[in-house]
Amino acid sequence: MTAVTGALLAEPDVTTFRTAMGRFPTGVTLLTQGSGEDTIVMTLNSLTSVSLDPLLLLVSVKADGRMLPRITRAGSFVVNVLTEPQRDLAQEFCRPDRPEGHAAMLRLAAEEGVTGNAVLPAAEAYFECLVDAEYRAGDHTLLIGRVVALGQNAAASDPLLFHRGRFGRLPAEPTAEAA
């Protein structure tokens with residue numbers, strides 16, 4: 001059973017579940033597969049570190065979406081962690097009519113990484129992965145990726161956050177005068 005403001009529900013509905021999960025702030029990423037004319041991209045906020053030995057991470061994608069068959073076939077993907085100024089990219093690549101192919105590469109100012117997938121050098125960080133395992137979980141598939149290359153942008157801005165159905169940012173750090 002689930003507690004909701006003191007009440008117990010036998011089985012929460014989808015809307016209640018989504019609202020409750022929305023209270024957990026997450027980062028925002030772009031998941032990429034392919035490069036050049038074969039590039040596909042989607043906005044993703046389900047990223048979890050799984051293991052340090054070996055280096056593994058987990059992402060969750062819709063089982064019936066267009067991304068999963070491409071990742072399964074290629075055996076690789078990239079997770080690009082977005083910065084707050086890249087909010088427009090997150091919004092653009094979550095739409096069904098999002099750019100693909102060369103248009104996506106140009107829009108992202110992406111480069112081909114060592115796995116042959118698009119990486120965003122301007123991202124906060126990126127993780128190039130080979131698929132280590134796939135697990136069906138309800139209407140999604142969990143992809144465990146073995147990190148084979150990564151990059152970090154020392155000049156990047158604050159990370160882009162998602163909380164309660166909205167994009168957000170970290171609060172500004174207090175200045176020396178304010179402290």
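Helices, taken as DSSP runs of H or I of at least four residues, and strands, taken as DSSP runs of E of at least two, are numbered here from the N terminus. On this basis the protein, which is described from a predicted model, has 4 helices and 14 strands. Of its 179 residues, 40% count as buried, and the accessible surface of the protein comes to about 10,500 Å², with 55% of that area belonging to carbon and sulfur atoms. Among the contacts between residues at least 6 apart in sequence, 65% join residues that are at least 24 apart.

Seven strands form an open sheet with antiparallel pairing, in which the order is β5-β4-β8-β11-β12-β7-β6. The edges of this sheet are held by β5 (40-44) and β6 (47-52), each of which pairs on one side only. Neighbouring strands of the sheet are turned against each other by 35° on average, when direction is ignored. Helix α2, comprising residues 67-74, packs on the sheet and touches β4 (29-33), β5, β7 (55-62), β8, β11 and β12 (140-152), while the direction of the helix makes about 55° with that of β4. Within the sheet, strand β8 (residues 76-81) and β11 run antiparallel and are joined by 6 bridges; across this pair, Val 79 stands opposite Phe 127 in β11.

Strand β11, which spans residues 125-137, also contains Leu 130. This leucine contributes, together with Val 114 and Val 148, to a nonpolar surface patch of about 270 Å². Leu 130 has a relative accessible area of 40% and is therefore partly exposed, and because patches are made of residues with over 30% relative accessible area and no salt bridge, this value lies within the range that the patch requires.

A further open sheet is formed by 3 strands in the order β3-β13-β14, and here too the pairing is antiparallel. Its edge strands are β3 (26-27) and β14 (166-168), each pairing on one side only. Strand β3 is joined by 2 bridges to strand β13 (residues 161-163), the two running antiparallel, and the bridge partner of Thr 26 in β13 is Phe 162. In general, the strands of a sheet pair through backbone hydrogen bonds, in either a parallel or an antiparallel manner.

Technical notes:
Residues are numbered from 1 along each chain as its sequence is written. This is a predicted model: local features need pLDDT of at least 70, side-chain atom pairs count only at pLDDT 80 or more; totals for chains, interfaces and linings use all residues. Side-chain values use heavy atoms; hydrogens and water are left out. Patches are made of residues with over 30% relative accessible area and no salt bridge: like charges are joined within 9 Å, nonpolar side chains (Val, Leu, Ile, Met, Phe, Trp, Tyr) within 5 Å. Accessible areas come from the Shrake-Rupley method with a 1.4 Å probe; for residues, only the protein chains shown count as cover. A salt bridge is a side-chain nitrogen of Lys or Arg within 4 Å of a carboxyl oxygen of Asp or Glu. Buried means under 20% relative accessible area, exposed over 50%, partly exposed in between (1.4 Å probe, protein chains only). Two strands pair if DSSP finds at least two bridges between them. Axes are lines fitted to C-alpha atoms, for helices over the stretch in contact, and angles run from 0 to 180 degrees between N-to-C directions. Contact means heavy atoms within 4.5 Å.
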